[in-house]
Amino acid sequence: MKIILMLFALLFVSPAWATDIPDADSPSAQLFSQRCSVCHSLPHPQRLDWPHWRSMLHVMKQRMAERDISLPVEEWRQIAGYLKSHAR
């Protein structure tokens with residue numbers, strides 16, 4: 001019986017670490033989710049206002065460059081646009 005309850009919980013209860021982000025099915029949200037959760041947990045776009053997100057994106061570019069990781073310019077623009085439109 002305990003096993004059945006555990007399976008039920010795993011199947012039907014949203015995990016506590018999941019972040020519900022705005023427009024989650026949009027291409028921009030999916031790109032944000034895919035790229036920005038590789039190295040750390042996915043932050044909610046409303047965590048910061050746009051000026052702070054812009055600064056944070058600059059910091060992330062620097063950290064990625066230190067690790068020889070890069071994203072195409074268009075992906076940066078798409079992620080920035082997503083954050084700008086959903087920032088607090």
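Colleague: What does Trp50 touch?
Modeller: Skipping residues up to four places away in sequence, Trp50 touches Leu57, Ala80, Leu83, Lys84 and Ala87; contact means heavy atoms within 4.5 Å. Bear in mind this is a predicted model, where local features need pLDDT of at least 70, side-chain atom pairs count only at pLDDT 80 or more, and totals for chains, interfaces and linings use all residues. Numbering runs from 1 along each chain as its sequence is written, and side-chain values use heavy atoms, leaving out hydrogens and water.

Colleague: How many residues are in the largest nonpolar core?
Modeller: It has 19, and Trp50 is among those with the most contacts inside it. Such a core is a set of buried (under 20% relative accessible area, 1.4 Å probe, protein chains only) Ala, Val, Leu, Ile, Met, Phe, Trp, Tyr and Cys residues joined through side-chain atoms within 4.5 Å.

Colleague: Salt bridges next: what does Glu75 pair with?
Modeller: Arg35, with the closest N and O atoms 2.7 Å apart. Glu75 sits in helix H4 and Arg35 in helix H2, so the pair ties together parts 40 residues apart in sequence. Helices are DSSP runs (H or I, at least four residues) numbered from the N terminus. A salt bridge here is a side-chain nitrogen of Lys or Arg within 4 Å of a carboxyl oxygen of Asp or Glu.

Colleague: Is Glu75 buried or exposed?
Modeller: Buried, at 17% relative accessible area.

Methods: Buried means under 20% relative accessible area, exposed over 50%, partly exposed in between (1.4 Å probe, protein chains only). Helices (H or I, at least four residues) and strands (E, at least two) are DSSP runs, numbered from the N terminus.
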